[in-house]
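Here are my notes on the model you sent over. Have it open next to you and follow along point by point.

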Amino acid sequence: QVQLVESGGGLVQGGGSLRLSCAASGRTFSNYAMGWFRQAPGKEREFVARISWRGSNTYYADSVKGRFTISRDNAKNTVYLQMNSLKPEDTAVYYCAADSRTYYSGSGYEEDEYNYWGQGTQVTVSS
């Protein structure tokens, strides 16, 4: 079992930055790819970014490419999402998720590829 707890959300002006963190419990964290998703009001949850278990492969949604950076620190059981140049359309609840396919380095853009989810953290970007 893996438990995930997100933090770092808040209110920021457009053009600003935030860094989200996702702390994971469990010894197997370092074996799993991790992802970030987001859900805006009235919209479906959507893929944002993903990082492979060693951190060697990263994947991004086109809407955040060049602005967001996903990273991980396996010694701290934590994955991060650095968000720069934020836009009002980035406003959403952000969720981290774990893909329990051990040592899998491929892409994973779909929700059903992830087995564990955090409770989410709200990010609000004002115009």
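**Notes on the model**

1. Start with the cysteines. Cys22 and Cys96 are both buried, where buried means under 20% relative accessible area, exposed means over 50%, and partly exposed covers what lies in between (1.4 Å probe, protein chains only). Before going on, keep in mind that this is a predicted model: local features need pLDDT of at least 70, side-chain atom pairs count only at pLDDT 80 or more, and totals for chains, interfaces and linings use all residues. Residues are numbered from 1 along each chain as its sequence is written, and side-chain values use heavy atoms, with hydrogens and water left out.

2. What joins Cys22 to Cys96? A disulfide does, with the sulfurs 1.9 Å apart. A disulfide is a covalent bond between the sulfur atoms of two cysteines; here the rule is a pair of cysteine sulfur atoms within 2.5 Å, and the count comes to one disulfide. Cys22 sits in strand β3 (residues 18–24) and Cys96 in strand β9 (residues 92–99), so the bond ties together parts that are 74 residues apart in sequence. Strands (E, at least two residues) and helices (H or I, at least four) are DSSP runs, numbered from the N terminus. The torsion about the S-S bond is about 45°, so this disulfide is right-handed.

3. Now look at the sheet that holds β3. Four strands make an open, antiparallel sheet in the order β1-β3-β8-β7. Two strands pair if DSSP finds at least two bridges between them. The edges are β1 (4–7) and β7 (68–73), each pairing on one side only. On average, neighbouring strands here are turned by 15° against each other, direction ignored; the axes are lines fitted to C-alpha atoms (for helices, over the stretch in contact), and angles run from 0 to 180 degrees between N-to-C directions. β1 and β3 share four bridges in the antiparallel sense, and Glu6 stands opposite Cys22 in β3.

4. Next, the charged pairs. How many salt bridges are there? The count is eight salt bridges, each being a side-chain nitrogen of Lys or Arg within 4 Å of a carboxyl oxygen of Asp or Glu. One of them pairs Glu111 with Arg45, with the closest N and O atoms 3.0 Å apart. That pair links distant parts of the chain, 66 residues apart: Glu111 is in the loop between β9 and β10 (116–117), and Arg45 is in the loop between β4 (33–39) and β5 (46–51). Glu111 is partly exposed at 31% relative accessible area, and Arg45 is partly exposed at 23%.

5. Arg101 has two partners to check. Glu113 and Arg101 both lie in the loop between β9 and β10, so their bridge ties together parts that are twelve residues apart in sequence. Arg101 is partly exposed at 33%, while Asp99 is buried at 0%.

6. Last stop: Thr121, found in strand β11 (residues 121–126). Is Thr121 buried or exposed? At 11% relative accessibility, Thr121 counts as buried. Leaving aside neighbours within four places in sequence, its contacts (heavy atoms within 4.5 Å) include Glu6, Gly9, Leu20 and Tyr94. Thr121 and Arg38 are 83 residues apart in sequence, with 9.3 Å between their C-alpha atoms.
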